[in-house]
Each structure stands twice: as structure tokens, then as C-alpha cells.
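Have the model open while you read.

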Amino acid sequence: MAPESEPRTTGQPGLRERKKRETRVALSQAAIRLCVLHGWDAVTVDRIAAEADVSVRTFRNYFASKAEAIAASHLERMLRVADDLLARPADEPLWDALLHAVLGRFAPPDTSGAGGSASQGDRWREGVRLMLAEPALAGEIVKANAAAQQELAKAVARRTGTDADRDVYPKLVAAVVGAANAVAVEQSLRADEPVPLGAVLAQVFEQLAAGLPVP
């Protein structure tokens with residue numbers, strides 16, 4: 001849905017834009033929550049709309065499918081990573097700043113998504129694994145990744161004084177961060193014993209900052 005134009009006096013989004021972003025996030029989170037807890041096939045657009053307390057028409061204004069709605073959360077999270085990167089101290093090394101920005105969005109203090117007992121956490125992890133394995137989701141994730149990398153590259157370029165269109169460096173860093181996040185999430189979800197995503201991300205970024213030395 002195309003954003004409505006309105007006067008902008010600062011770099012912050014206007015009220016209407018913020019409301020639309022909040023609705024997108026609410027719909028996306030509802031889709032994820034329902035698919036993880038109840039299974040892909042059991043979740044319909046009608047059910048997602050009801051969970052988010054909006055009409056099906058409103059859902060259709062934002063997303064063409066539940067797969068697109070789910071993938072939107074990844075893009076939103078990476079947009080916030082880019083914002084957080086730009087907000088980090090200017091003298092902080094780039095890879096330290098990236099790690100802090102990523103940890104703040106991928107591994108906040110409570111990351112189980114399910115709360116409660118360890119068994120509930122295990123069921124949530126299994127539900128996430130099954131959801132991410134859905135073929136219908138793969139194409140939307142690819143598109144979300146491409147958009148996310150583009151925005152992160154812009155933030156890296158601003159941080160490093162490079163050009164996101166002409167220089168290789170910001171594009172390469174953004175692509176590496178995207179791959180690192182994907183590897184960390186998969187490693188955390190597929191571990192035999194629950195492994196905090198934050199711990200895996202810290203290990204991944206430590207190796208990246210060191211230049212990926214051979215173990």
C-alpha cells in the first residue's frame with residue numbers, strides 16, 4: 001500500500017506512516033504467532049486478521065498472502081537494525097556496532113516467544129523450524145532479504161563514508177550480516193539443546209570481526 005504524503009519537518013516518520021508501520025508489524029506478528037502455534041495449514045488470512053483485530057480487507061491492503069506477512073517481520077527487524085547502527089557511537093568499531101544493533105533486535109532479553117516452561121519453549125522452537133521450512137515462505141524471505149540488505153548497505157555507507165550505490169564495501173558488509181544472521185538463527189533452532197540466539201550471534205560476529213580464521 002503506497003504511503004500517503006504529508007508534511008515532514010524532521011527525519012522521523014509522520015503519524016500516519018507510523019500507524020501504518022504499526023499495523024504491518026501487528027499483522028506480521030499475528031501471522032507468525034498463529035503459524036508457529038497452530039501450523040501453517042491451519043492458519044488463514046481471516047484468522048490472522050481476527051488475531052490482529054482488523055478486517056480481512058485491511059490485511060489485503062498490506063499483504064497479498066500470509067507468507068508475505070510473515071516475511072515482513074524480517075524486513076522490519078532489519079530496518080530497525082539499520083536505524084540502530086546509525087545511532088551507535090561514531091567512534092565504535094563497525095563490527096562492534098553491528099553486533100550491538102543486531103543483538104538488540106534479534107536477541108532481546110526475552111527471546112523465547114513462548115514464555116512459560118522449557119517444554120513450551122521447545123514447542124515454540126519446533127514451530128518456528130516448521131514454519132521456516134514452508135516452501136511458500138521461501139520466495140518471500142528472499143525478497144525481504146534483498147530489501148533488507150539494500151537498506152542496511154545504506155546505513156553502513158553512511159557510517160563508513162562510502163557510497164551504497166558505487167562502492168562494494170557497504171553492499172558486502174550488508175550481505176555478510178544477512179548471511180550471519182541466517183546462520184545464527186538456524187544454528188540456534190537446530191541445536192540438540194536450546195542455545196540462546198544471542199550467544200550464537202556473538203560467536204558469529206566475533207569470527208567475522210577476526211576475518212573468519214580457520215578453526
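1. First, contact here means heavy atoms within 4.5 Å, and helices are DSSP runs (H or I, at least four residues) numbered from the N terminus. The model is predicted, so to speak of local features needs pLDDT of at least 70, side-chain atom pairs count only at pLDDT 80 or more, and totals for chains, interfaces and linings use all residues. Residues are numbered from 1 along each chain as its sequence is written, and side-chain values use heavy atoms, with hydrogens and water left out.

2. Start with α5 (residues 94-106), where L94, W95, L98, V102 and F106 meet Y169, V173, V176, V177, N181 and V185 of α8. That contact has 10 nonpolar residues, 1 polar and no charged (Ala, Val, Leu, Ile, Met, Phe, Trp, Tyr, Cys and Pro count as nonpolar; Asp, Glu, Lys and Arg as charged; the others, Gly among them, as polar).

3. The axes of α5 and α8 lie 12 Å apart at an angle of about 45 degrees (lines fitted to C-alpha atoms over the stretch in contact, angles from 0 to 180 degrees between N-to-C directions). So α5 is oblique to α8; under 35 degrees would be roughly parallel, over 145 roughly antiparallel, and 65 to 115 roughly perpendicular, with the rest oblique.

4. Now α8 (residues 168-190) against α9 (residues 197-209): their axes come within 9 Å and cross at roughly 140 degrees. This pair is therefore oblique.

5. On the α8 side, V176, V177, A180, N181, A184, V185, Q187 and S188 touch L197, V200, L201, V204, F205 and L208 of α9. Those residues split into 11 nonpolar, 3 polar and no charged.

Notes. Helices (H or I, at least four residues) and strands (E, at least two) are DSSP runs, numbered from the N terminus.
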